[in-house]
Number of protein chains: 2
Amino acid sequence: MTTPSPLPQNDTLSPVAQAAHRARAAAAEIAPLPRAAKDGALLAVADALEARTDVVVTANAEDIARAREAGTSESIIDRLTLTPERVRAIAADVRDVAALPDPVGEVVRGSTLPNGIDLRQVRVPLGVVGIIYEARPNVTVDAAALCLKSGNAVLLRGSSSAYSSNAALVDVLRDAVEAAGLPADAVQLVPGESRDSVKELMRARGLVDVLIPRGGAGLIRTVVEESTVPVIETGTGNCHVYVDAQTDLDMAVDILINSKAQRPSVCNAAETLLVHQDIAGAFLPRALEALAEAGVTVHADERVLEHAATTKATVVAATAEDWETEYLSYDIAAAVVDSLDAAVTHIRRWSSGHTEAIVTTSQAAARRFTQLVDSTTVAVNASTRFTDGGQFGFGAEIGISTQKLHARGPMGLPELTSTKYIVTGDGHIR
Amino acid sequence: MTTPSPLPQNDTLSPVAQAAHRARAAAAEIAPLPRAAKDGALLAVADALEARTDVVVTANAEDIARAREAGTSESIIDRLTLTPERVRAIAADVRDVAALPDPVGEVVRGSTLPNGIDLRQVRVPLGVVGIIYEARPNVTVDAAALCLKSGNAVLLRGSSSAYSSNAALVDVLRDAVEAAGLPADAVQLVPGESRDSVKELMRARGLVDVLIPRGGAGLIRTVVEESTVPVIETGTGNCHVYVDAQTDLDMAVDILINSKAQRPSVCNAAETLLVHQDIAGAFLPRALEALAEAGVTVHADERVLEHAATTKATVVAATAEDWETEYLSYDIAAAVVDSLDAAVTHIRRWSSGHTEAIVTTSQAAARRFTQLVDSTTVAVNASTRFTDGGQFGFGAEIGISTQKLHARGPMGLPELTSTKYIVTGDGHIR
């Protein structure tokens, strides 16, 4: 069954390039595999994670010890930590991925052409997927599972702060994948802890088919600007809640608070509130009280400040910078706008294009907002927090694309595929 | 209806950046337009091209005169030339684009989530599309028509050799678009004839949503390597015809000759012939005769050379370079391979991933070849020449993507769109 890509006979290839070549060969092997073979490997991975939890947790302890020595904050240490319960949860997630339908082989479109040729466009794996990510070691397993399921080989480049954990996890993954009869090189940690290995990965065009950076805005910007490998930009979310002139005030307060404060550290949390001037007097006092109760500091424009005077809200004057800030904290920028169109203009100017919500009772306003706002997700009378692969029913998510090419919004398994056309004739010529 | 993106108040912006900002504002205006408005503009464009043919042909004569002075080859001058008939044909093509269905607004997927939220994924324009292309001025109109139809603004950067023609065509287009009530800035020629304007376009990330280079391999490589704007790689075609051990010899000869010689200058023409060793003795003498009759020079490996001795074929010994060459001429590389899998390995190693054909009577061979070959198009018993938007029934084509992200193979109107999710609730929160 194997038809490996020939490995260039070049001993001077760097370790990263060698890893990429091995990944290409593995990708060619797993691309045509049927679902059963891939699911078998995933279930083996889940079993192995449970059987070797000790090894993983021990390796993780080394990362945690180093992080403590380096004075890392407890919130980051918490994200870094793997307990036996967390490893079991990760294994369960892998089983969930195995249970999802296989995107590969799906016929996206098909027809018989006028000349009798049968044309089919079918989903195929992308090939070699590179993931560059920060502290959380669970991403190592999640990303590998999604890539395997979609028939891709994966090159994992986690942060050096999680190196021991990631190395232990990848050992477990590779052993299980190989025991299941698939090539171990379908899952590899990018060799080297230095920044140079990231740079090399970004220049490996032709070897790596796509890079998906997952992490902070700085990491993503670097990858987007420096990579010659095609990149899927993920995650930056300066999300807006717009409260229209005609609105249900209770609903507007609920959606605002849920969007901002249910989990402020994630990309689909709201960062800016825009309020139509006609409803500002009725809405803002209540909204500001509710935000205060939720512990949110409001970075307010002048018109919002007027309404804040009579409330117990924690309010500071907004500067231009606030409009483009992704706080990821209990902070929100707030402005009064003259009209729905002014809200749209504000969003166009400052949004990262992730998710924007309108709260309105007006059908016309809902329709105009959804037509004019061009973000991955436009929500009508719903929290911004629903922009999520799990919430959307995709079963799993490799990230949320904020770019327009290839994938936009939450990315599930189909977004980890490309397509090819199959043309079948009986000797057809032009 | 207009909610323009605010133009930065910065007089120091370069002409290219100013054009891109104007394009963004125009893109926001045309994105929500219904089909009728866009088709109206396209029909106005077609009428205007016919009404102002003289202006276009006169401008074109300037380009031709300059090209002649510069000693340009007649084949390139022919591609540059616009006659009244050709302008009428271009206008007819625009009317054909108007007749195609509008991809914008198509619901790609939709469901009601378990919590009652209605989720819809709908097609939206990409925004601002940049096209960088070489001599042929008809691309100016084709690309503008496809972008307008799909609700995108377009920045056109043609070659300086066609500058007068392109400038005249864009004048006609802009006037017609504006007369139809759409913003003229939806169609713009990138200002400046120097290479700097191309470079600036390639660095305009955030202003330009995608760049599509159309032209020679050198142009495409430069754009792919230097652009920070996402690029759709098009057109390089080192296509293969593989003749399997079990085959219909007549069909194999017909497909080979059609793939190679029906129009050698295009990207879907065959550049390499691979023959299974078991059929080489029966097939190659006939194939070499037929190639000779078609005027094709064969760059043959040693095993093909053995069979050539007894034929009147024009044969030269192949070097490694031949396997990766896109001749675009009456030349073909040819090799004998040990097996189907060896053919696949050869294709993996050398193909540009455009189109590969197998000629076989074996169902198993056809199935294995289509599973293992990962190119935009895999043809079974059909010429490579069918990889074409027109042949595939897409009605029009902006290019043939040879990359895996976003679009792969012939790109029609849907490939000029992105999607967004619309989430509709009744006050849903998490």
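Begin by selecting residues 128-133 and residues 153-157 of chain B: these are strand S3 and strand S4, which run parallel and are joined by five bridges. The model on display is a predicted one. Within this pair, select B:Val129 and look across to S4(B), where its bridge partner is B:Val154.

**The four-stranded sheet of chain B**

Now widen the selection to the sheet that holds these strands. Four strands, in the order S5-S4-S3-S6 of chain B, make up an open sheet with parallel pairing. At its edges are strand S5 (187-189) and strand S6 (210-214) of chain B, each of which pairs on one side only. Viewed from strand to strand, neighbours in this sheet are turned by 20° against each other on average, direction ignored.

Select residues 163-179 of chain B to display helix H7, which lies across S3, S4 and S5 of chain B. Helix H7 of chain B runs at about 160° to S5(B). Then select residues 195-202 of chain B, which form helix H8. Helix H8 lies across S3, S4 and S6 of chain B, and its direction is at about 145° to S4(B).

Which strands form the open sheet of ten strands? Select, in this order, S1(A)-S2(A)-S16(A)-S13(B)-S12(B)-S7(B)-S8(B)-S11(B)-S9(B)-S10(B); the pairing is mixed. Strand S1 (107-112) of chain A and strand S10 (314-317) of chain B are the edge strands, each pairing on one side only. From one strand to the next, the twist averages 25°.

Inside this sheet, select residues 239-243 and residues 355-359 of chain B. They are strand S7 and strand S12, paired in the parallel sense over four bridges. B:Val243 has B:Val359 as its bridge partner in S12(B).

To see what lies across these strands, select residues 363-372 of chain B, which form helix H15. Helix H15 of chain B lies across S16 of chain A, together with S7, S12 and strand S13 (377-382) of chain B. The angle between helix H15 of chain B and S12(B) is about 170°.

Select A:Glu415, found in the loop between strand S15 (409-411) and strand S16 (417-428) of chain A. Is this residue, A:Glu415, buried or exposed? A:Glu415 is buried, with a relative accessible area of 11%.

Display the side chain of A:Glu415 and follow it in two directions. Within chain A, the side chain of A:Glu415 reaches the backbone nitrogen of A:Gly412 at 2.9 Å. In chain B, the side chain of B:Arg109 makes a polar contact with that of A:Glu415, at 3.1 Å. Leaving aside residues up to four places away in sequence, A:Glu415 touches A:Leu126, A:His406, A:Ala407, A:Pro410 and B:Arg109.

**Domains and the two copies**

Colour chain A by domain: domain 1 takes in 15-233 + 407-424, and domain 2 takes in 239-391. The C-alpha centres of domain 1 and domain 2 of chain A are 35 Å apart.

Finally, show both chains whole. Chain B is superposed on chain A by a rotation of 180° with 0.0 Å of shift along its axis, with an RMSD of 0.1 Å. The two copies are therefore related as by a two-fold rotation axis. To locate this axis from chain B, select B:His406, whose C-alpha is the nearest of that chain at 1.8 Å. Both copies use the same surface, as 100% of the contact residues of chain B recur in chain A.

Definitions and conventions:
Residues are numbered from 1 along each chain as its sequence is written. Chains are lettered from A and ligands numbered from 1 in the order in which they are written. This is a predicted model: local features need pLDDT of at least 70, side-chain atom pairs count only at pLDDT 80 or more; totals for chains, interfaces and linings use all residues. Side-chain values use heavy atoms; hydrogens and water are left out. Helices (H or I, at least four residues) and strands (E, at least two) are DSSP runs, numbered from the N terminus. Buried means under 20% relative accessible area, exposed over 50%, partly exposed in between (1.4 Å probe, protein chains only). A polar contact is a pair of N or O atoms within 3.5 Å; within protein, one must be able to donate a hydrogen and the other to accept it, and residues adjacent in sequence count only if both atoms are side-chain atoms. Contact means heavy atoms within 4.5 Å. Two strands pair if DSSP finds at least two bridges between them. Axes are lines fitted to C-alpha atoms, for helices over the stretch in contact, and angles run from 0 to 180 degrees between N-to-C directions. Domain bounds come from an automatic or database domain assignment. Copies are superposed by least squares on the C-alpha atoms of residues with pLDDT of at least 70 in both.
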